[in-house]
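Please look over the sequence and the three-dimensional structure shown here, and keep both in view while reading the report that follows.

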Amino acid sequence: YPLRDRAGQPLPNSFLVAFEPALNGDYQDYVFVIGNVKPAPVPAGTTITWRTAANSPLEVYEAQGADVDGRLYVFGGFFNGLHATARAYAYDPATDRWSAVASMPEPLTHGAVAVDGQTVYVAGGFVGDHPGPQTNHVWKYDTVRNTWSPAPSLPGARGGGALVRVGRELHFFGGTEREPGNTQLYRRDSA
């Protein structure tokens, strides 16, 4: 939300960010003020347009996604309530068509994703139907061979983290873990 001062006037480049990391029924457990936000410049003459595209074969949410060579890949996620799937699809905007690709090795939500050339890495996440356990698994999807293979596991199990490739290294950070014995309670790593 755009941040305002006590008089109600907008504060430039400042926002209030609130989110709910758990399913305890209340909203916006965490609230942050983010300042010095600089909008990315849009090149002159650039316009953004939206169009309706083909529907996905399976309506999912909290899935993993990546762009490789102009194709959108969608891996896993929840469907039909809080049921997890391992199914995966690729969307080609040139043909406006979806196609099934190799399913993930396990049904997964909230995984972290990074791309390295033709390979998509999916790290951590929650396995199976909600409330599934967090995992330390890391999977590699080869978009050329349409195959999955295991990569070295994370040092600890986490869901909802982030994964980035810096140079030739993958970096995983953040994430959360469910409290043992109470899967409705989440622990946050704030160290």
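## Strand β12 and its partners

In this predicted model, V113 has V122 of strand β12 as its bridge partner. That bridge belongs to the pairing of β11 and β12, which run antiparallel and share five bridges; strands are said to pair if DSSP finds at least two bridges between them. Strands themselves are DSSP runs of E of at least two residues, numbered from the N terminus. In the hairpin that β11 and β12 form, two residues lie between the strands, and G117 takes a positive phi near 65°.

Strand β12 (residues 119–123) also pairs with strand β14 (residues 138–142), again in the antiparallel sense and over five bridges. Within this pairing, Y121 has K140 of β14 as its bridge partner, while A123 stands opposite V138 in β14.

How many of the residues of β12 are buried? Five of its five residues are, and the strand is mostly covered; buried means under 20% relative accessible area, exposed over 50%, and partly exposed in between, with a 1.4 Å probe and protein chains only. The side chains of β12 are divided between two directions, with T119, Y121 and A123 pointing one way and V120 and V122 the other way.

## How the model was read

Residues are numbered from 1 along each chain as its sequence is written. Local features need pLDDT of at least 70, side-chain atom pairs count only at pLDDT 80 or more, totals for chains, interfaces and linings use all residues, and side-chain values use heavy atoms, with hydrogens and water left out.

## The nonpolar cores

In soluble globular proteins, nonpolar side chains tend to be buried together. Here a nonpolar core is a set of buried Ala, Val, Leu, Ile, Met, Phe, Trp, Tyr and Cys residues joined through side-chain atoms within 4.5 Å. The largest one has 18 residues, and those with the most contacts inside it are Y73, F75, M104, V120, V122, Y141 and W148. Two or more residues come from each of β4 (64–68), β5 (71–75), β8 (88–92), β12 and β14. A second, separate core has eight residues, among them A114, Y121, A151 and L154.

Leaving aside residues up to four places away in sequence, Y73 touches Q64, G65, A66, V68, Y89, A90, V101, Y141 and T143, where contact means heavy atoms within 4.5 Å.

## Aromatic pairs

A pair of aromatic rings is described by the distance of the centres and the angle of the planes. Rings of Phe, Tyr and Trp (its six-membered ring) pair if their centres lie within 6.5 Å, and planes under 30 degrees apart count as stacked, over 60 as edge-to-face and the rest as tilted. By this rule the model has seven aromatic pairs. One of them joins F75 and W148 in an edge-to-face arrangement, with 5.2 Å from centre to centre and 80° between the planes. Because F75 lies in strand β5 and W148 in strand β15, this pair ties together parts that are 73 residues apart in sequence.

F75 is buried, with a relative accessible area of 0%, and W148 also counts as buried, at 16% relative accessibility. The rings of Y141 and W148 have centres 4.9 Å apart and planes at 40°, so this pair is tilted. Ring pairs link Y73, F75, Y141 and W148 into a cluster.

## Strand β8 and its surroundings

Strand β8 is largely enclosed by the rest of the structure, because four of its five residues are buried. Four bridges join β5 to β8, which run antiparallel, and within this pairing L72 has Y91 of β8 as its bridge partner. Strand β8 is also joined to strand β9 (residues 97–101) by five bridges, and these two run antiparallel, with A88 standing opposite V101 in β9.
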